[in-house]
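Student: I'd like to learn how to read a model like this one, feature by feature. Can you walk me through it?

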Amino acid sequence: MLALFFVWTALQLRIWNLMTELADYEDFLSLSYPAGGIADTAFGKWEKSEESKAAKTAAVWKPLGELAVLAESTGRQEPLACYQMKGQPEAVFGKGLSSGRYFTEGEQDVCLLDAETVQKLFGSEDVLGLAVKVEGRRFHIAGILDENGPVCVIPAEEGAVFDGITIRRKESDQSVKMAVSYTEAVLGGTNGQVVDGKLYWVTAGTLYAGMSAGMVLAVGTAGRERRKKKEGGSSFLERRIVPACLLAGTLMLLAGIWVVNPGSDYLPPYWSDFEFFEKLLEEKTGQIRQFLAHQEFASWQRLARIWREAMALEIGNLAVAAAYFWGCKYLSRTRKRSKREVTVAERKGKAYTLSIRSAEKRTKKNTQRIR
């Protein structure tokens with residue numbers, strides 16, 4: 001049982017690290033539409049709207065497909081997945097910049113490359129300011145991305161159309177549903193793919209809180225069984241261990257939900273509104289399936305990997321907690337059964353001893369009579 005507790009602790013520490021990484025995506029929101037779904041003018045209109053004031057950064061993007069990128073100084077060439085972007089690229093890539101800077105809106109002859117491609121093209125990471133050519137057009141490297149795949153990002157031309165918009169919200173507790181509705185109304189898109197970082201933070205965080213609360217109850221029950229074994233009875237303290245752990249687990253669950261802060265998107269007008277929960281489950285399940293089937297950028301792939309691992313470990317940790325609980329119950333029952341068997345054996349032994357003594361007394365009396 002001690003080994004199970006150590007396994008649970010190790011998993012708990014790993015999940016905590018994953019939750020810390022997942023918190024970076026809490027303010028993340030991205031909408032994707034069919035090719036050419038967002039006009040340049042529509043994004044300009046959105047930037048001037050009230051909704052844009054609720055965003056820290058935002059960028060629209062369009063995949064250009066796989067294009068050849070040529071390094072002028074070395075003559076080396078690599079095929080890369082290229083993107084046009086307008087706005088702030090950090091909305092898409094977040095902290096994934098190993099050196100240099102993101103380009104700003106209005107810059108034209110600059111680009112971003114991933115670290116692996118930089119090594120292949122130049123054999124060095126000291127490449128900021130060096131020139132590359134994409135389809136004959138010259139760009140200077142402004143920053144190096146920590147992307148897992150070969151990628152090149154260039155500024156969008158005037159009048160371009162885009163496939164998606166990515167937003168980093170100032171307040172993570174803002175209603176995602178309202179933000180999506182307003183953004184689609186301004187941009188003119190509907191029924192696009194929604195990648196909501198808040199969804200993955202809420203699901204993993206709520207399960208994490210529930211898992212921790214369950215383990216507190218399991219450990220409390222195990223402690224109660226041990227006290228019963230040591231004291232051989234039901235003491236005042238022992239009778240209150242499980243209720244105290246139940247209270248602690250409930251408080252831990254509520255504290256976890258408070259930290260996760262699901263917001264109005266996940267809370268019904270009244271708790272008996274089961275139709276709300278049914279629609280919510282259907283909507284969010286569809287979003288998760290769609291996201292796991294396709295991740296446009298490496299930063300999205302990282303989000304999917306972190307969330308998958310966190311959920312798998314949390315489910316595994318729940319299994320460990322259940323095994324710990326039932327293991328303690330099984331050991332307790334085994335000890336009780338063994339104790340009963342010993343008690344019965346002792347009673348039988350005493351009865352046998354008494355019967356032998358009684359027989360000896362009778363034999364002695366009979367011998368005395370005969371004499």
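Predicted model: local features only at pLDDT ≥ 70, side-chain atom pairs only at ≥ 80, totals over all residues.

Student: Which ring does Phe-291 pair with, and how are the planes set?

Tutor: For ring pairs, look at the centres and then at the angle; planes under 30 degrees apart count as stacked, over 60 as edge-to-face and the rest as tilted. Here the partner is Tyr-200: the ring centres are 5.2 Å apart and the planes stand at 50°, so this is a tilted pair. Tyr-200 is buried too, with a relative accessible area of 0%.

Student: Where do Tyr-200 and Phe-291 sit along the chain?

Tutor: Tyr-200 belongs to helix α6 (residues 197-231) and Phe-291 to helix α8 (residues 274-293), so the pair ties together parts 91 residues apart in sequence.

Student: How many aromatic pairs are there by this rule?

Tutor: The count is 12 aromatic pairs. Take Phe-43 and Trp-46: their ring centres lie 6.0 Å apart with the planes at 10°, so that pair is stacked. Both residues are in helix α2 (residues 40-47), three residues apart, which is about one turn of the helix. Phe-43 and Trp-46 are both buried. There's also one aromatic cluster formed by Tyr-25, Phe-28, Trp-61, Tyr-83, Phe-93, Phe-297 and Trp-300.

Student: Now the charges. How many salt bridges does a search of the whole structure find?

Tutor: It finds 17 salt bridges. When you read one, check the N to O distance, then where each partner sits, then how covered each one is. In one of them, the side chains of Asp-27 and Arg-168 meet at 3.2 Å, N to O. Asp-27 is in the loop between α1 (2-22) and β1 (28-32), while Arg-168 is in strand β11 (residues 164-169), so the bridge ties together parts 141 residues apart in sequence.

Student: Are Asp-27 and Arg-168 buried or exposed?

Tutor: Asp-27 is buried at 10% relative accessible area, and Arg-168 counts as buried at 9%. The cut-off you need here is that buried means under 20%.

Student: What does the bridge between Lys-86 and Glu-105 look like?

Tutor: Those side chains meet at 4.0 Å, N to O. The bridge links distant parts of the chain, with Lys-86 in strand β4 (residues 77-87) and Glu-105 in the loop between β5 (97-100) and β6 (110-114), 19 residues apart. Lys-86 counts as buried at 18%, whereas Glu-105 is partly exposed at 39%.

Student: How far apart are the closest N and O atoms of Glu-107 and Arg-101?

Tutor: They're 2.8 Å apart, and the two residues form a salt bridge. Arg-101 is partly exposed, at 40% relative accessible area. Bridges can also share partners: Arg-14, Arg-305 and Glu-309 are joined into one network that way.

Student: Which residues form a nonpolar patch on the surface?

Tutor: Leu-247, Leu-251, Leu-253, Leu-254 and Ile-257 do, with about 430 Å² of accessible area together. Leu-247 sits in helix α7 (residues 241-260) and is exposed, at 53% relative accessible area.

Student: And how should I read the chain as a whole?

Tutor: The chain has nine helices and 12 strands, and 42% of its 371 residues count as buried. Among contacts with a separation of 6 or more, 77% come from residues 24 or more positions apart. The accessible surface comes to about 20300 Å², 58% of it belonging to carbon and sulfur atoms.

Methods
Residues numbered from 1 in each chain as written. Heavy atoms only, no water. Helix = DSSP H or I, 4+ residues; strand = E, 2+ residues; numbered from the N terminus. Buried < 20%, exposed > 50% of the residue type's maximum accessible area, 1.4 Å probe, protein only. Patch = residues over 30% accessible without salt bridge, like charges linked within 9 Å, V, L, I, M, F, W, Y side chains within 5 Å. Areas by Shrake-Rupley, 256 points an atom, 1.4 Å probe, with all protein chains shown as cover. Contact = heavy atoms within 4.5 Å. Phe/Tyr/Trp six-rings, centres within 6.5 Å; stacked < 30°, edge-to-face > 60°.
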